[in-house]
Amino acid sequence: MSPPTSSKGKDSAAARVLGSGTSGIAELLIFHPVDTVAKRLMSNKAKVSFQTLSPIIFRDAATAPLAGKFLSLFPGLGYAAGYKVAQRVYKFGGQPWFNDLINKHYKTQFTNTFGERKGKMMMQATAGSLTGIGEVVLLPLDALKIKRQVNPEAFRGRGFIRIFAEEGTTLYRGWGWTMARNAPGSFALFGASAVTKEYVLGVEDYSKATWGQNFIASVAGAVASITVAAPLDTVKTRIQNANFEHKVPGVTVVKELLKNEGPTAFFKGLTPKILVVGPKLVFSYTLAQSLIPLFSKYV
């Protein structure tokens, strides 16, 4: 007698890794340039005008031909690939794992506190928040990716192994701000997505949502997540893009930012992120959800 199948855990761990990893690679190749633009805008401390926009975005390639400008938006691709693939594998596989854990041990508490329907959504959001906090283990790859995008001079010709050996815990600079950003950001991502499916689209079993329903829920969740996390993301980015030997406390970054640029600077780079966040998450989510069942047939 074959074991019964269910929407929970029917896909193998290998299939999840292959499916989510492939979606991360595809997403990276398409959206890495936009991420570079957002990071460079967030790291820029001067006022942005039409005349200064090109040098800020393209750096030394500001006067290069169109092809040269485009290629200049792919710095740190190796680090970005490692980070993005690991992040997608962790996020796609980690959040359901945390959700199953909460369901198994704390479902009664959530149901008693929020009710059955809202409790289910709160468990999804809380699982997302826990996943986001744990994502700090990937911080070295994220830090190296950002430095290659906005401060390549910090590498001074050194490779990954040498940098890791020499810098050590320096690569975890800003870990507290990263966790502070990820916790509410991931909570908003999975929470807003669950709310949209539950209340707007009337989906009770989230795993059976159609492509169109996932599209709408992903856009709602992603916009909420990016907006909520934007201020802390700006602080984290500025901490990480400094030279390795130059340690800048987060509180100092916040004080200087408020003093020199004003509170709106916390949301620098938000527009390009929001403009692509819908198609970016829909693309990666749809591709992963399509590939994981396919790989499950073979692994």
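**View 1. Helix α8 runs close to its expected length.** In this predicted model, α8 has 26 residues and reaches 36 Å from its first C-alpha to its last, which is close to the 38 Å expected at 1.5 Å a residue.

View 2. Leaving aside residues up to four places away in sequence, Ala183 touches Ser129 and Ile133. Look for Ala125 as well: Ala183 and Ala125 are 58 residues apart in sequence, yet their C-alpha atoms are 9.8 Å apart in space.

View 3. With a relative accessible area of 14%, Ser193 is buried. Which residues does Ser193 touch, once those up to four places away in sequence are set aside? They are Ala188, Ala217 and Gly221.

**View 4. Phe215 belongs to helix α9, residues 211–240.** This phenylalanine has 36% relative accessibility, so Phe215 counts as partly exposed. Follow the chain from Phe215 to Pro279 and you cover 64 residues of sequence, but going C-alpha to C-alpha through space the two are 8.3 Å apart.

**View 5. Helix α1 has a kink at Phe31.** The bend there is about 55°, and it lies shortly before the proline Pro33. How far does α1 span between its end C-alpha atoms? This helix takes in residues 13–43 and spans only 38 Å, while a straight helix of 31 residues would span 45 Å at 1.5 Å a residue.

**View 6. Helices α1 and α2 cross each other.** Two packed helices are described by the angle between their axes and the distance between the axes. Here the axes of α1 and α2 (residues 50–58) come within 9 Å and cross at roughly 115°. The crossing of α1 past α2 is right-handed. On the α1 side, the contact is made by Val37, Arg40 and Leu41, and on the α2 side by Leu53, Ile56, Ile57 and Phe58. Sort the residues of this contact by type and you get 6 nonpolar, no polar and 1 charged.

**View 7. Arg59 lies in the loop between α2 and α3 (66–71).** Most residues other than glycine have a negative phi. What is the phi of Arg59? Arg59 has a positive phi of about 55°, although it is not a glycine. Its relative accessible area is 32%, so Arg59 is partly exposed.

**View 8. Stepping back, the protein has 11 helices and 0 strands.** Along the sequence the pattern reads α-α-α-α-α-α-α-α-α-α-α. Of the 299 residues in the protein, buried ones make up 48%. How much of the contact in the protein comes from residues 24 or more positions apart? Counting contacts with a separation of 6 or more, such residues account for 81%.

How values were computed: Residues numbered from 1 in each chain as written. Predicted model: local features only at pLDDT ≥ 70, side-chain atom pairs only at ≥ 80, totals over all residues. Heavy atoms only, no water. Helix = DSSP H or I, 4+ residues; strand = E, 2+ residues; numbered from the N terminus. Expected span 1.5 Å × (residues − 1). Bend = angle between axes of the 7 residues up to and from the residue. Axes fitted to C-alpha atoms, helices over the stretch in contact; angles between N-to-C directions. Left-handed = near helix turned anticlockwise from the far one by under 90°. Contact = heavy atoms within 4.5 Å. Nonpolar A, V, L, I, M, F, W, Y, C, P; charged D, E, K, R; others polar. Buried < 20%, exposed > 50% of the residue type's maximum accessible area, 1.4 Å probe, protein only.
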